[in-house]
Amino acid sequence: MKVRDDLVFSLCHLSGVKKGREERFAGERISIGRGRHNQCCFDPDRERTVSARHCEIRLEGFEPFIYDTGSLNGTYLNGRRVRRALLRDGDEIGLGREGPRIRFMLRSGTTPDSIKPGDLVIPEPMQRRITTREAPVSSDEESPAPASWR
């Protein structure tokens, strides 16, 4: 059973003003650009190849996709210009041909290793509801299901 409310990932800045920094995000849609309204913001004065609203990372089903949102200089995935593309762990995103580069990394907040799209990610409140119940001690007796199971 797959349970996935939000995409949990990191963007590692490979070049540009934020080079060496890693930002973590969670959500079904993450916007990237120079505008202050974006979740992943770039310097509006020093990173001019990045559009105000350059691209988005969106969760579709259980898989993350990158969408160019009409940027002037284009969005690149592993060196190839794209409008929409499936993201995989370790992919390099370029904001313009000569602009900042970021690495997409799927991670959970408690798992240090990479995870693949669709891997089980259970939000903290749900972990309390998903438990293993023990079978009745005697196989002769039928135990009614607890009210929380119904």
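Predicted model: local features only at pLDDT ≥ 70, side-chain atom pairs only at ≥ 80, totals over all residues.
A residue is called buried here when its relative accessible area is under 20%, exposed when that figure is over 50%, and partly exposed in between (1.4 Å probe, protein chains only). Residues are numbered from 1 along each chain as its sequence is written, and side-chain values use heavy atoms, with hydrogens and water left out.

Let's look at how F9 and F104 meet. Their ring centres lie 5.2 Å apart with the planes at 35°, so the pair is tilted (rings of Phe, Tyr and Trp, the last by its six-membered ring, pair if their centres lie within 6.5 Å; planes under 30 degrees apart count as stacked, over 60 as edge-to-face and the rest as tilted). F9 sits in strand 1 and F104 in strand 11, 95 residues apart (strands are DSSP runs of E, at least two residues, numbered from the N terminus). Together with F25, they form one aromatic cluster.

Now widen the view to the largest nonpolar core, which has 20 residues. Such a core is a set of buried Ala, Val, Leu, Ile, Met, Phe, Trp, Tyr and Cys residues joined through side-chain atoms within 4.5 Å. F9 and F104 are among the residues with the most contacts inside it, as are I57, I66 and I93. Strand 11 gives the most to this core, with three residues.

How values were computed: Helix = DSSP H or I, 4+ residues; strand = E, 2+ residues; numbered from the N terminus.
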